[in-house]
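User: I would like to go through the terms used for this model and see what each one rests on. Please set the values against the cut-offs.

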Amino acid sequence: CAIPVDVHVWNIALRDYDEDEALKEAKSLTPAIYKQTGDLFRDRFKNKPGWAHSLLFVAELPSFRPTLPSDLVNEMDKFREEEKARKKAKKKQ
């Protein structure tokens, strides 16, 4: 099953499903990272990775944030800030 991967989907996979942090050190969305991200969705959601992709992607949209539990929104915001700091630190290296 094909999973369309962009930076938003990559970040969802990194935040929620990349337990061994294989995606964390990637600097850009290369074909290998694209495949790894899709594989995380396929492995995690077996026969419904496309549905999972769509639901998780929509949950990230600003118009849907008010419908999410506050602890989840806080976790998403924390991840976003950590990613900004990580990317900033990488640029300084």
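User: What makes Tyr 17, Phe 41 and Phe 45 one aromatic cluster?

Analyst: In this predicted model, local features need pLDDT of at least 70, side-chain atom pairs count only at pLDDT 80 or more, and totals for chains, interfaces and linings use all residues. Residues are numbered from 1 along each chain as its sequence is written, and side-chain values use heavy atoms, with hydrogens and water left out. Rings of Phe, Tyr and Trp (its six-membered ring) pair if their centres lie within 6.5 Å; planes under 30 degrees apart count as stacked, over 60 as edge-to-face and the rest as tilted. By this rule there are three aromatic pairs. For Tyr 17 and Phe 41 the centres are 6.0 Å apart and the planes stand at 70°, so this pair is edge-to-face. Tyr 17 lies in the loop between α1 (7-16) and α2 (31-45) and Phe 41 in helix α2, so the pair ties together parts 24 residues apart in sequence. Helices (H or I, at least four residues) and strands (E, at least two) are DSSP runs numbered from the N terminus.

User: Why is the pair of Tyr 17 and Phe 45 called edge-to-face?

Analyst: The ring centres of Tyr 17 and Phe 45 are 5.5 Å apart and the planes are at 85°, so the pair is edge-to-face. This pair also links distant parts of the chain, 28 residues apart, with Phe 45 in helix α2. Tyr 17, Phe 41 and Phe 45 form one aromatic cluster.

User: Which residues touch the most other members of the largest nonpolar core?

Analyst: A nonpolar core is a set of buried Ala, Val, Leu, Ile, Met, Phe, Trp, Tyr and Cys residues joined through side-chain atoms within 4.5 Å. The largest one has 15 residues, and Val 5, Trp 10, Ala 13, Leu 23, Ile 33 and Phe 41 touch the most other members. Two or more residues come from each of α1 and α2, with the largest share, five residues, from α1.

User: What puts the charged end of Arg 15 over the ring of Phe 79?

Analyst: The rule asks for NZ of Lys or CZ of Arg within 6 Å of the ring centre and within 35 degrees of the ring normal. The charged end of Arg 15 sits over the ring of Phe 79, 5.9 Å from its centre.

User: Why is Pro 62 called exposed, and where does Pro 62 lie?

Analyst: Pro 62 has 63% relative accessibility, so it counts as exposed. Its place is the loop between α3 (49-59) and α4. Pro 62 and Lys 92 are 30 residues apart in sequence and 30 Å apart in space, C-alpha to C-alpha.

User: What is the phi of Glu 21, and what is that of Lys 46?

Analyst: Phi of Glu 21 is near 55°, a positive value in a residue other than glycine. Glu 21 is in the loop between α1 and α2, and its 46% relative accessibility makes it partly exposed. Lys 46, also not a glycine, has a positive phi of about 45°. Lys 46 is in the loop between α2 and α3, and at 62% relative accessibility it counts as exposed.

Definitions and conventions:
Buried < 20%, exposed > 50% of the residue type's maximum accessible area, 1.4 Å probe, protein only.
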